[in-house]
Amino acid sequence: MTELLVGSKKGLFVLRGEPGGPFDIAARAFPGDVVEYGTRAPRNGRYFASVTSGFYGPRLMYTDDPTGEWEQAKGPVFPEDIDDKTIDRIWIVQPGEADGVLYAGVAPAALFTSTDSGETWELNRALWNVPTRPEWNPGAGGLALHSICPWPGDPQRLAVGISAAGVWLSEDGGQTWRTGYKGLVPQYVPDEERETTHALCVHNMHRAPQRPERLFLQFHGSVYRSDDTGETWNDIAEGLPSGFGFPMVVDPSDPDNAYVIPLTADVDRVTPDGKVRVFETRDAGGSWIARGDGLPSGDAYLTILRQAFGHDGGSPLGLYFGATSGEVFGSADAGASWFSVHEHLAPVTSVRVSG
Amino acid sequence: MCVSPRRPRLPRMAVVMLRAPLKDRADGQGQVDLPGDSLGEVLRELERRYPRLEGWVLDEHGTIRRHVNVFVDGERGTEDTSISADARIHVLPSISGGSRS
């Protein structure tokens with residue numbers, strides 16, 4: 001059996017079923033609230049959900065049983081001395097490489113760390129205090145730290161992606177940070193500004209665990225790969241119907257294998273040509289293959305959000321994504337064929353495989 | 001001259017009315033008597049007494065959340081609103097809230 005955590009605009013859906021057929025709703029938690037992200041920490045099996053009430057604000061919840069009661073974490077919240085900021089949204093919760101360590105990325109763009117399995121959280125002040133921060137500007141979804149890439153086996157090395165403030169790298173456990181801007185081309189700013197701007201709109205970023213110096217990045221208008229830990233980036237979008245998009249999966253067992261779901265353009269954020277297709281590369285971005293067998297192939301204009309594409313880590317790789325139409329799709333054979341996991345859910349914000 | 005001893009001043013008590021989901025996080029109490037001279041003090045005492053409400057009405061800087069309305073004896077209050085003895089305080093979601101969802 002496979003278990004999915006599907007965040008939506010109206011709560012968290014826990015879906016369970018056998019790959020190939022429809023899944024059942026095992027639980028719906030936080031009805032009425034936006035669940036930005038749901039995930040499960042592999043080390044201790046704890047579940048996390050970032051929940052945003054339109055009235056009562058954002059909070060991080062955790063449980064050992066997603067069909068039961070959830071506890072509220074103490075944080076992430078900004079400390080008192082940062083007196084003009086409050087958390088708008090918790091974009092991601094990412095397990096770290098040391099026992100009990102988790103990271104949370106929030107808007108306005110900040111990184112928080114927990115060392116007690118997510119119960120309490122502390123602001124990473126080094127990233128908060130980088131001198132260029134006053135020049136950072138938000139993307140359409142806010143000034144968001146949404147991608148966190150630990151380095152397998154090395155808790156000191158970390159890469160984070162910020163919309164719209166680029167890639168930031170640390171090799172000392174987050175005590176100091178430097179940019180990883182080189183090669184990213186912000187086509188939405190004038191040519192003469194491109195070398196100096198901080199307005200680098202990263203949409204998603206993932207590390208290849210089997211070759212951790214390699215990262216894949218979905219940018220605002222193109223797709224990139226770095227083979228030098230995020231220092232420099234190479235455009236790999238040729239062969240895609242569009243360079244624009246948000247969701248991304250990197251195969252944890254094959255550093256040449258990655259998946260994106262392009263959207264038409266920033267001014268038309270739907271699947272291109274009315275076809276729902278996942279694009280796979282098996283050669284690290286040298287070429288792309290459309291994977292749409294079993295997906296809507298005509299008159300289908302779906303929007304798949306940033307965190308709404310996940311995998312099961314298996315071999316062959318199981319893939320799952322959800323759309324704002326409330327449909328969830330899955331593939332048990334690394335994208336070769338697809339099936340309907342569920343439909344008629346609320347607009348899907350995130351999809352992660354939890355069991 | 002005879003000076004009468006000053007009596008210790010007791011904090012004013014207000015009655016705070018809660019609805020779901022706040023009531024659920026206050027151990028099911030829909031009406032809570034709380035001390036405080038200002039609305040901010042009363043709401044901080046509410047969080048102290050019911051830690052599961054922390055961050056729900058006040059943000060991390062002690063400010064009433066933008067989409068929460070707090071009424072003191074029928075008037076919209078702020079953190080600095082004075083609390084009279086036996087004030088009745090209603091904590092309600094704003095009709096402007098929830099627009100993202």
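1. What share of the contacts in chain B with a separation of 6 or more comes from residues 24 or more positions apart? In this model, which is predicted, such residues account for 46% of those contacts. The elements of chain B are 2 helices and 5 strands, and along the sequence they follow the pattern β-α-β-α-β-β-β.

2. Chain B has 101 residues, of which 44% count as buried.

3. Turning to the interface, 25 residues of chain A are in contact with 19 residues of chain B. The size of an interface is often given as the accessible area lost when the parts come together. For chain A and chain B the buried area is about 1,700 Å², and carbon and sulfur atoms give 49% of that area.

4. How many salt bridges does the rule find across the interface of chain A and chain B? The rule finds 0 there, whereas the count of residue pairs in polar contact between chain A and chain B, with both residues at pLDDT 80 or more, is 8. On the side of chain A that touches chain B, the elements giving two or more residues are strand S4 (34-40) and strand S6 (57-63) of chain A, and the largest share, 4 residues, comes from S6(A). By class, that side of chain A has 10 nonpolar, 6 polar and 9 charged residues.

5. Over all chains, the structure holds 19 salt bridges. One of them joins the side chains of A:Asp64 and A:Arg46, at 3.8 Å from N to O. This pair links distant parts of the chain, since A:Asp64 is in the loop between S6 and strand S7 (71-72) of chain A and A:Arg46 is in the loop between S4 and strand S5 (47-53) of chain A, 18 residues apart. A:Asp64 is exposed, with a relative accessible area of 56%, whereas A:Arg46 is buried, with a relative accessible area of 12%.

6. A salt bridge is also formed by A:Asp81 with A:Arg125, whose closest N and O atoms are 2.9 Å apart. Why does this pair tie together parts of chain A that are apart in sequence? A:Asp81 lies in the loop between S7 and strand S8 (89-95) of chain A, while A:Arg125 lies in helix H1 (residues 125-128) of chain A, so the parts that the pair ties together are 44 residues apart in sequence. At 52% relative accessibility A:Asp81 counts as exposed, and A:Arg125, with a relative accessible area of 36%, is partly exposed.

7. In chain B, a salt bridge forms between B:Glu45 and B:Arg48, with the closest N and O atoms 2.6 Å apart. Both residues belong to helix H2 (residues 39-49) of chain B, and because B:Glu45 and B:Arg48 are 3 residues apart in that helix, about one helical turn separates them. Is B:Glu45 buried or exposed? At 14% relative accessibility B:Glu45 counts as buried, whereas B:Arg48 is exposed, with a relative accessible area of 58%.

8. A last point concerns salt bridges that share partners, which join A:Arg157, A:Glu171, A:Arg178 and A:Glu231 into one network.

Terms used. Residues are numbered from 1 along each chain as its sequence is written. Chains are lettered from A and ligands numbered from 1 in the order in which they are written. This is a predicted model: local features need pLDDT of at least 70, side-chain atom pairs count only at pLDDT 80 or more; totals for chains, interfaces and linings use all residues. Side-chain values use heavy atoms; hydrogens and water are left out. Contact means heavy atoms within 4.5 Å. Buried area is the accessible area (1.4 Å probe) that two parts lose on being put together, summed over both. A salt bridge is a side-chain nitrogen of Lys or Arg within 4 Å of a carboxyl oxygen of Asp or Glu. A polar contact is a pair of N or O atoms within 3.5 Å; within protein, one must be able to donate a hydrogen and the other to accept it, and residues adjacent in sequence count only if both atoms are side-chain atoms. Ala, Val, Leu, Ile, Met, Phe, Trp, Tyr, Cys and Pro count as nonpolar, Asp, Glu, Lys and Arg as charged, and the others, Gly among them, as polar. Buried means under 20% relative accessible area, exposed over 50%, partly exposed in between (1.4 Å probe, protein chains only).
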